[in-house]
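Trainee: I would like to learn how to read a model like this one. Please take me through it feature by feature.

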There are 2 protein chains.
Amino acid sequence: MLSTGLPQGAVPKLERPGPLRDRVYEALLELITTRALQPGQHLVESELAGHLGVSRQPVREALQRLSTEGWVDLRPAQGAFVHEPTEEEADQLLTVRTLLEAEAARLAAANAGTAAITALEDLCAEGERAVADDDVDGAVAMNARLHAKIMELAGNTVLAELAAQVDRRVRWYYTPVARQRGRQSWIEHRELIAAIAERDEQRATAVMRAHTEHTRKMYHDREK
Amino acid sequence: MLSTGLPQGAVPKLERPGPLRDRVYEALLELITTRALQPGQHLVESELAGHLGVSRQPVREALQRLSTEGWVDLRPAQGAFVHEPTEEEADQLLTVRTLLEAEAARLAAANAGTAAITALEDLCAEGERAVADDDVDGAVAMNARLHAKIMELAGNTVLAELAAQVDRRVRWYYTPVARQRGRQSWIEHRELIAAIAERDEQRATAVMRAHTEHTRKMYHDREK
DNA sequence: CAATTGTCTTTCGCCTACAGTCTACGGCGC
DNA sequence: GCGCCGTAGACTGTAGGCGAAAGACAATTG
């Protein structure tokens, strides 16, 4: 027990700037997802290092990690290139995402308490408001947070981490599409939450599956 | 066209020892999975470097990768520690594995041709032979190859890569158990292949799900 | 004129060196 | 005797440098 009368959770925890490699990692990921670095582009370590004001080492380590997570391709003795998504890969990734999200919905339906349900409804309401205001970026952000919350309710950390990575890449591939489908998406969210509230695992799975599959359909319709 | 009369495909392509970091990665992974490095153990970069005859840099990069894949925990300013599996995590990982493998079985049932089926049956036969000979290591290896083959037949690269990682970790956690269940496992394999041969997606999914779930049951029974 | 070869630049892969930080232990005061 | 503080050791985090491989381009030769 601490002898000082400090309030337990309120200690700021001395915000330290974590390892440099992590910040470089996030910076690069941001640049990639925002298309500032385009697919296929050659990433030169020394350039990035100079541009970010650090040495090559942290940049190298960040690139390694980005490579294992599928954001860049690391050709031996040649360097890092921003990964170029193919039609096939995007499709496969979406299949996996559907799988993971559907399972999360099922688990969430099995575990969710009343407090959690209201939390979901709050998030959903906020998202709907963003759509009503034509705040596209806000709606996309709320969408991510809602899905993340469902993942959290599922209570499976491993599943959550995998899904987080897959989700982020799917969003990267499908950003042009995702921005288009605002309203319909949130109607489906309501349905999903209802299913979870009723503890109906089957229906929650089915709704989530249909929900993510709509993205695929949207995309294929758009191709023409 | 080459003017030299070199045989076209027979050129050995000059096997080069890939990047050092990759070899270090595989060496460390081997040491971890074989329990030569025990969970919780502190991995000192300079020690490993000296022991492997390389500098710290490749070791660092290998540790980074092992960290993102969940084999070691990287505590800032303190170093790398071999990850310690918890009951809960093992359980969650198994859930994910069940999910991925079941989907793979479904896709395999949808795609498999006759040639592929015979290939599966050959692998299965070889596995059964290993069991009959009490060749435990051989049986485990064949098990891995069979599952990998089914993944391949599923034709989803993303799914395959994810499953490969999850599988490897599951095998690490459950090695003491996995070695125990030889015969029953291969009976189930036969069933699974039959379902795939009949193109029965539903049944293939169900059989694979039951198959992986048996591992969980085995483990929990063993706890007592 | 085309194919080839030699050279040259760029960039990576790895090593070495230094600075910052955490841990452990021993001395000092109470 | 007990607890706190300071110091020393060890290890990680970051920086910079050297050798080597890959690609580009020009010169050379048939």
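**Reading the model**

Mentor: In chain A, the centres of domain 1 and domain 2, taken over C-alpha atoms, are separated by 29 Å. Domain bounds come from an automatic or database domain assignment. Here that assignment gives domain 1 (20-82) and domain 2 (87-223) of chain A.

Trainee: What should I know about the model and its numbering?

Mentor: This is a predicted model; local features need pLDDT of at least 70, side-chain atom pairs count only at pLDDT 80 or more, and totals for chains, interfaces and linings use all residues. Residues are numbered from 1 along each chain as its sequence is written, while chains are lettered from A and ligands numbered from 1 in the order in which they are written.

Trainee: How many helices and strands does chain A have?

Mentor: Helices (H or I, at least four residues) and strands (E, at least two) are DSSP runs, numbered from the N terminus. Chain A has 9 helices and 3 strands. Along the sequence the pattern reads α-β-α-α-β-β-α-α-α-α-α-α. The C-alpha atoms of chain A fill a box of roughly 70 × 55 × 35 Å along the principal axes.

Trainee: What share of chain A counts as buried?

Mentor: Count the other C-beta atoms within 10 Å of a residue's own, with C-beta atoms placed from the backbone: 20 or more is buried, 12 or fewer is exposed, and in between is partly exposed. In chain A, 34% of the 224 residues count as buried.

Trainee: And contacts within chain A?

Mentor: Two residues are in contact if their C-beta atoms, placed from the backbone, lie within 7 Å. Take the contacts in chain A between residues at least 6 apart in sequence: 71% of them join residues at least 24 apart.

Trainee: Which residues does His42(B) contact, leaving aside its neighbours within four places in sequence?

Mentor: Gly79(B) and Phe81(B) are in contact with His42(B) on that count. His42(B) lies in strand 1 (residues 42-43) of chain B. His42(B) is exposed because it has 12 other C-beta atoms within 10 Å. The C-alpha atoms of His42(B) and Val82(B) are separated by 6.8 Å, and the two residues are 40 apart along the chain.

Trainee: How do I read the contact between chain A and chain B?

Mentor: Start with the residue counts. The contact takes 20 residues from chain A and 20 residues from chain B. On the chain A side, helix 3, helix 4 and helix 7 (157-178) each supply at least two residues. Helix 4 of chain A gives the most, with 7 residues. Next, sort by class: Ala, Val, Leu, Ile, Met, Phe, Trp, Tyr, Cys and Pro count as nonpolar, Asp, Glu, Lys and Arg as charged, and the others, Gly among them, as polar. The side of chain A that touches chain B divides into 8 nonpolar, 7 polar and 5 charged residues.

Trainee: How is a pair of packed helices described?

Mentor: By the angle between their axes and the distance between the axes. Axes are lines fitted to C-alpha atoms, for helices over the stretch in contact, and angles run from 0 to 180 degrees between N-to-C directions. The axes of helix 4 (residues 87-111) of chain A and helix 7 (residues 157-178) of chain B come within 7 Å and cross at roughly 50°. That makes helix 4 of chain A oblique to helix 7 of chain B. Angles under 35 degrees count as roughly parallel, over 145 as roughly antiparallel, 65 to 115 as roughly perpendicular and the rest as oblique. Helix 4 of chain A brings Glu89(A), Gln92(A), Leu93(A), Thr95(A) and Val96(A) to meet Thr157(B), Val158(B), Leu159(B) and Leu162(B) in helix 7 of chain B. By class, this contact has 5 nonpolar, 3 polar and 1 charged residues.

Trainee: Which residues come nearest to DNA strand D?

Mentor: A residue is near a strand if its C-beta atom, placed from the backbone, lies within 6 Å of it. Of the 17 residues around DNA strand D, Leu20(A), Val54(A), Ser55(A), Glu45(B) and Gly79(B) come nearest. Helix 3 of chain A gives the largest share of that surface, 3 residues.

Trainee: And DNA strand C?

Mentor: DNA strand C is surrounded by 18 residues, the closest being Glu45(A), Gly79(A), Leu20(B), Ser55(B) and Gln57(B). Helix 3 of chain B gives the most to this surface, with 3 residues.
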